[in-house]
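This report describes selected structural features of the model shown below.

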Amino acid sequence: MLIGIVGKPSAGKSQFLNAACMTSVKTADYPFTTIEPNLGTAYVRHKCLCKELNVKDNPRNSICINGTRLIPISLLDVAGLVPDAWKGRGLGNKFLDDLRRADALIHVVDASGSLDDEGRPVDAGSWDPVKDIEFLEKEITMWLLQIIKRDWSKLSRTAVMCKKSFLDILSERVAGLGITKSHILSACNRIRINIDKADKWSEEEIYRFVDQLRNLSKPMVLALNKIDKPTAKNHVDKLIKIFPNAIPVCALAEYFLRQLAEKNIIKYIPGGGEFNILKPEVLSENDKKILERIKTDILEVYGSTGVQQVLDKVVFEVLGLIAVYPVEDVKNYCDHNNLVLPDVYLVPKGTTARQLAYMIHTDLGDGFIYAVDGRTKQRLAENYELKNGDLIKIVSAKSLK
Ligand SMILES: Nc1nc2c(ncn2[C@@H]2O[C@H](COP(=O)(O)OP(=O)(O)OP(=O)(O)O)[C@@H](O)[C@H]2O)c(=O)[nH]1
Ligand SMILES: [Mg+2]
């Protein structure tokens with residue numbers, strides 16, 4: 001699972017990565033601080049089954065804190081995007097190429113409206129962040145369009161001449177961009193266009209098709225960053241009306257809170273709406289002032305710093321993934337090493353029991369006989385569609401031991 005962090009220069013992408021992953025990537029208030037992409041590990045939250053089953057778990061591929069399972073995902077912070085990046089402006093296509101493997105995107109927006117479209121400072125509040133959102137989507141669509149159109153007529157001619165389906169030919173061509181056959185079919189459905197007549201599509205139809213492909217293969221969540229700045233509130237209120245799924249964020253505050261929490265100076269759970277000071281004696285006067293501001297200007301106004309909410313939203317709402325817990329022993333909920341609830345898998349809605357078996361190990365999938373519901377102990381067929389929070393045993397002719 002790879003999520004790309006995108007946005008114009010100085011919007012706070014690297015700060016978001018640092019807050020989400022506790023990395024220490026360089027951040028600065030001049031454009032193009034980041035050139036090479038930075039990778040980090042963040043966590044999404046899922047209600048662990050340990051409380052419900054009343055067991056002490058031994059997580060292996062994830063972490064459990066007081067009944068909340070933290071599941072790792074990868075975040076990629078890339079260079080800033082400026083208008084016409086797809087033509088090579090700024091750092092141009094290099095950064096777009098870094099995003100090829102991304103399953104979804106987080107668009108970090110400067111919601112305080114204090115930077116122009118190239119990340120240069122302007123009068124506080126004077127820049128309309130709506131423009132950033134429109135331009136970024138267009139840039140990514142244009143980048144995809146450029147790649148896809150390069151061979152378009154050749155591909156469609158080959159399809160006609162070789163009597164091969166255009167769908168097959170195109171999906172092979174775009175596999176490296178993280179675009180699947182089902183993305184292509186859904187894009188055609190959405191704009192009611194026939195893939196078999198692709199050789200006759202107009203320029204405008206191709207653009208609309210690619211724009212849908214972007215939307216489906218790189219779905220995006222808006223992180224309205226820098227809500228600690230006084231000019232942000234008006235912009236945020238307006239943006240939320242236009243983009244109801246956008247989330248107000250303060251990456252800087254989240255980073256500050258997590259750093260103090262790591263040192264046990266405060267008690268703070270990422271995503272939470274409050275913190276408690278545990279060691280006031282080690283806090284400087286300035287730290288105390290910052291904490292007070294975070295409390296009054298961010299947590300009490302917006303409910304949280306928003307960083308964790310963005311991550312959970314990308315994974316569980318936008319990508320629509322569910323979390324399932326495979327075990328080998330449904331009596332003790334453990335694997336063959338007696339580890340209780342060792343793993344949790346993030347899988348797309350609609351994943352079947354057999355597909356899960358393949359995700360765990362090819363042998364388990366090949367030898368699949370049936371699955372067992374760990375709660376009811378009932379047998380489940382190979383085409384059983386997994387539900388969020390399922391506890392599953394796979395019975396296979398090929399054992400993994
Ligand atoms: N007030 C405030 N400043 C922030 C916040 N997030 C980031 N910044 C500041 O904004 C500036 C740019 O942050 P970066 O994280 O370097 O921005 P970027 O988007 O990675 O920029 P490039 O790598 O140049 O594209 C830095 O001075 C950060 O400290 C925030 O939530 N609030
Ligand atoms: Mg950066």
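## Backbone geometry in two loops

Asn66 is placed in the loop between β3 (63-65) and β4. The model is a predicted one, and in it the phi angle of Asn66 is near 45°, a positive value in a residue other than glycine. With a relative accessible area of 66%, Asn66 is exposed, because the threshold for that class is over 50%.

Tyr333 also has a positive phi, near 55°, and is likewise a residue other than glycine. Its place is the loop between β10 (321-326) and β11 (345-348). The relative accessible area of Tyr333 is 14%, so this residue counts as buried, the limit being under 20%.

Strand β1 spans residues 2-6, and five of its five residues are buried. The cover extends to both faces: Leu2, Gly4 and Val6 are buried on one side, and Ile3 and Ile5 on the other.

Two pairings involve this strand. With strand β4 (residues 68-77), β1 pairs in the parallel sense over four bridges; within β4, Asp77 is the bridge partner of Ile5. With strand β5 (residues 104-110), β1 again pairs in the parallel sense over four bridges, and here Val6 has His107 as its bridge partner.

In soluble globular proteins, nonpolar side chains tend to be buried together. In this model the largest nonpolar core has 47 residues, and those with the most contacts inside it are Phe16, Leu75, Ile106 and Leu341. Helix α12 (residues 307-318) supplies the largest share of this core, namely six residues. Apart from it lies another core, of 46 residues, which includes Val78, Ala102, Leu136 and Leu177.

The surroundings of Leu75 can be given in detail. Leaving aside residues up to four places away in sequence, Leu75 touches Ile3, Ile5, Phe16, Leu17, Ala20, Cys21, Asn38, Leu39, Gly40, Ala42, Ile106 and Leu311. Among these contacts, Ile3 and Ile5 are the two buried residues on one side of β1. Phe16 and Ile106 are also on the list of residues touched by Leu75, and both are named with Leu75 among those with the most contacts inside the largest core.

## Magnesium site

Which residues coordinate the magnesium ion (ligand 2)? The ion is coordinated by Ser14 through OG and by Thr34 through OG1, at 2.0 to 2.1 Å. This pair links distant parts of the chain: Ser14 belongs to helix α1 (residues 13-21), whereas Thr34 lies in the loop between α1 and β2 (38-47), and the two are 20 residues apart.

Are the two residues buried or exposed? Ser14 has a relative accessibility of 7% and therefore counts as buried, the limit being under 20%.

## Surroundings of ligand 1

Ligand 1 is surrounded by 24 residues, of which the closest are Lys13, Gln15, Phe32, Thr33 and Asp228.

Polar backbone atoms approach oxygen atoms of this ligand at several positions. A polar backbone atom of Phe32 is 2.9 Å from an oxygen atom of ligand 1. For Ala11, the distance from a polar backbone atom to an oxygen atom of ligand 1 is 3.2 Å. A polar backbone atom of Leu252 is likewise 3.2 Å from an oxygen atom of ligand 1.

Definitions and conventions
Residues numbered from 1 in each chain as written. Chains lettered and ligands numbered in written order. Predicted model: local features only at pLDDT ≥ 70, side-chain atom pairs only at ≥ 80, totals over all residues. Heavy atoms only, no water. Donors = N, O, S within 2.8 Å, 3.2 Å for Na, K, Ca; no water. Buried < 20%, exposed > 50% of the residue type's maximum accessible area, 1.4 Å probe, protein only. Core = buried A, V, L, I, M, F, W, Y, C linked by side-chain atoms within 4.5 Å. Contact = heavy atoms within 4.5 Å. Pairing = 2+ DSSP bridges. Near = heavy atom within 4 Å. Polar contact = N/O pair within 3.5 Å; in protein donor to acceptor, adjacent residues only side chain to side chain.
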